[in-house]
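Have the sequence and the 3D view open side by side while reading.

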Amino acid sequence: MDIQIKKNIVYGENDLGYLIADIYKPLHYEGDLSIIMLIHGGAYQTGSKEMYVDWGKALAKEGYFVIAINYRLAHTTRKIYPEVFSDMDKAFNYLIKIANEEHLNLDQIGLFGDSAGAYLASYYTLTNRPYNYRINAVVGAYGIYDLIEEYNHPTSVRTKQMLSLFLGKDFKEDQELYTLASPMNYIDYATESSNFDTEFLITWGAKDKIVKETQSINFIKALEERGVQVEQYRYEDVGHFWFNELTYVEGGRISDYPNVDLYPHIIKFLQRTLKEKPNGNFSKQTIKNLHSIDSLNIIN
């Protein structure tokens, strides 16, 4: 399938400057396009949308409208929590603005993220209750989901420094901040909403020396305990830094292991959670609630 690529599109502005993104889309399609947003990792301090070039091209060829975003990064003089989520708000507002001209389906949106990007995608999805678009799917690779656990049992001193920069405070200064900033602690909040209908695909490597695999394992368990559907893919023989491309690091393309194994699972997941999802802001839970009131005939 032929695709179109638009580089460095301005999707918004913050106090630091313009926010830019790359867009990948099929040239020929019928109907409105499901949307995938790609959120890069980089310890909240580095990384860019260019890490997702291979994924952007591949997903556009699968028939998706893909947007890979840059967002503000932490610095020794600048924390980014919770300000970074206003950058994501602007990305979604941009999608809403261009939905008609680009033929986008705002009821079929998926988020991809690796490492810090997996954190951002999960936190944003679990804490937001949008009324004019729907996040149906999250694909997270080796993310941090419980900041307190990661701080107390880090794989390295680097982890503590990373979280302190991200939040602007050390754990000893403000433990409550680390609680508030953990996606794990918003699962109840999300699932209490009758409109929450997001499914997750979580993947990681058992040899990860950057983020402990218990982050993924415990997050999956907590999601499943609250009735959230999760697909999980654990790879015994890899660590961190394999989901997408990093300069000077071997691998990271879809044709490389373990992505070559993971890719078809992700495509099936997206087909089910995005393209096959009905339009309209009615979740499965909403329909079940209505059924209990009025004995609706539910279609399986």
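Pro82 sits in the loop between β4 and α2, where helices (H or I, at least four residues) and strands (E, at least two) are DSSP runs numbered from the N terminus. The peptide bond joining Tyr81 to Pro82 is cis, with omega about 0°. This is a predicted model, in which local features need pLDDT of at least 70 and side-chain atom pairs count only at pLDDT 80 or more, while totals for chains, interfaces and linings use all residues. Residues are numbered from 1 along each chain as its sequence is written, and side-chain values use heavy atoms, with hydrogens and water left out.

A cis bond also joins Tyr257 and Pro258, again with omega about 0°; Pro258 belongs to the loop between β8 and α9. That loop also holds Phe241, whose phi is positive, about 65°, although Phe241 is not a glycine. Ala43, in the loop between β3 and α1 (53–61), likewise has a positive phi, near 60°. Most residues other than glycine have a negative phi, and most peptide bonds are trans. Ala43 is buried at 8% relative accessible area, whereas Phe241 is partly exposed at 39% (buried means under 20%, exposed over 50%, partly exposed in between, with a 1.4 Å probe and protein chains only).

Next comes the sheet. Its 8 strands are ordered β1-β2-β4-β3-β5-β6-β7-β8 in an open, mixed arrangement; two strands pair if DSSP finds at least two bridges between them. The edge strands, β1 (3–14) and β8, each pair on one side only. From one strand to the next the twist averages 20°, with axes fitted to C-alpha atoms, for helices over the stretch in contact, and angles taken from 0 to 180 degrees between N-to-C directions.

β2 (residues 17–26) pairs antiparallel with β4 (residues 65–69) over 4 bridges, and Asp22 has Ala68 as its bridge partner in β4. By contrast, β7 (residues 199–205) and β8 (residues 230–235) run parallel, joined by 6 bridges. Gly205 stands opposite Tyr235 in β8.

Turning to the helices, α9 (residues 259–275) lies across β3, β5, β6, β7 and β8, at about 165° to β7; contact means heavy atoms within 4.5 Å. The axes of α2 (residues 84–102) and α3 (residues 116–127) come within 11 Å and cross at roughly 75°. α2 and α3 are therefore roughly perpendicular (65 to 115 degrees; under 35 is roughly parallel, over 145 roughly antiparallel, the rest oblique). Among the residues in contact are Phe85 and Phe92 of α2 and Tyr119 and Tyr123 of α3.
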